[in-house]
Amino acid sequence: MRNVLTEATAAEIRKILAAHTPWGIAGQAGTHARPDAVEAPQMRTPDGQAKARSIIEAAHKAAAGGDYACRFGRYPILEAYQQQWSPDSPHDLLLEYLNAPDFLGLVRDITGIDNLVKADAQATMFGPGHFLGRHIDSHVAEGWRVAYVLNMAGDDWHPDWGGYLNFLDEDGDIVEGWRPRFNTLNLFAVPQAHSVGYVPPFAPAQRFAITGWVRDR
């Protein structure tokens with residue numbers, strides 16, 4: 001769904017993501033491994049920087065071996081809201097908007113799933129070297145029904161810069177790929193196989209987005 005927000009609102013959210021978001025790094029190395037992260041304050045310490053390097057290296061090794069892996073920049077909006085990291089911040093207001101009747105009603109109308117009751121959220125930033133390996137989002141027991149990506153990448157995002165949201169069939173072939181267009185809302189039912197393509201070292205821009213799941217509990 002393109003142009004889902006007003007132009008002014010979308011521009012303001014992109015500005016917040018680009019200039020006013022304390023980015024950490026998240027990663028996972030292996031299907032059965034636990035996700036790991038280093039938040040922005042830790043990134044400024046030697047121990048945090050060492051842990052970030054460890055996350056990056058472990059994800060690289062797992063991916064090279066054909067296992068699930070990911071690494072990308074993130075700010076955990078829901079966790080920050082619950083723990084009051086920055087009360088009444090723009091990120092808090094955005095989470096409240098995503099749980100307001102207008103947004104939840106829009107998702108219900110588009111998907112036809114009437115029992116969606118809440119949304120979580122994280123801010124994500126895919127830069128050079130970042131990727132999200134093939135996975136299916138199988139957390140049905142946690143109420144995950146619909147995954148969403150509110151894209152805030154620049155209008156000039158080039159196909160050669162990677163970062164596409166790809167959908168795969170059982171043979172591992174990409175059957176559809178969505179470019180990260182500015183001010184575009186992507187919705188898809190889970191579980192199903194998908195990934196975010198590798199962003200190469202020469203990519204000059206950053207793929208900003210708000211991502212999460214809309215839940216039935």
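**Helices and pockets**

Mentor: In H1, the buried residues are Ala10, Ile13, Ile16 and Leu17; buried means under 20% relative accessible area, exposed over 50% and partly exposed in between, with a 1.4 Å probe and protein chains only. Their arc around the axis is only 120 degrees, which puts them on the same side of H1, the arc being that of the directions from the helix axis to the C-beta atoms. This is a predicted model, in which local features need pLDDT of at least 70 and side-chain atom pairs count only at pLDDT 80 or more, while totals for chains, interfaces and linings use all residues. Residues are numbered from 1 along each chain as its sequence is written, and side-chain values use heavy atoms, with hydrogens and water left out.

Trainee: Which residues are exposed on the other side of H1?
Mentor: Glu7, Ala8 and Ala19. Helices (H or I, at least four residues) and strands (E, at least two) are DSSP runs, numbered from the N terminus.

Trainee: And what covers the buried residues of H1?
Mentor: The cover includes helix H5 (90-98), strand S5 (122-126) and S12, where contact means heavy atoms within 4.5 Å.

Trainee: Moving to H3, which of its residues are buried?
Mentor: Gly48, Ala52, Ile55, Ala59 and Ala62 are. They lie on the same side of H3, because they cover an arc of only 100 degrees around the axis.

Trainee: What do the buried residues of H3 pack against?
Mentor: They pack against strand S1 (24-29), strand S2 (36-38), helix H2 (40-43), strand S3 (69-75) and S6. After H3 comes Gly66, with a positive phi near 85 degrees.

Trainee: Now the pockets: how many residues line the largest pocket?
Mentor: There are 42, and Pro35, Gln122, Asp137, Trp144 and Trp213 lie nearest its centre. A pocket is an open set of points on a 1 Å grid over the protein atoms alone, where a 1.4 Å probe fits, with protein on both sides within 12 Å along at least five of seven lines; lining residues have an atom within 4 Å of a point.

Trainee: Which strand gives the largest share of that lining?
Mentor: Strand S12 (residues 207-215), with 5 residues.

Trainee: What about the second largest pocket: which residues are closest to its centre?
Mentor: Of the 14 residues lining the second largest pocket, Asp67, Tyr68, Ala69, Gly133 and Arg134 are the closest to its centre. S6 gives the most to this lining, with 4 residues.
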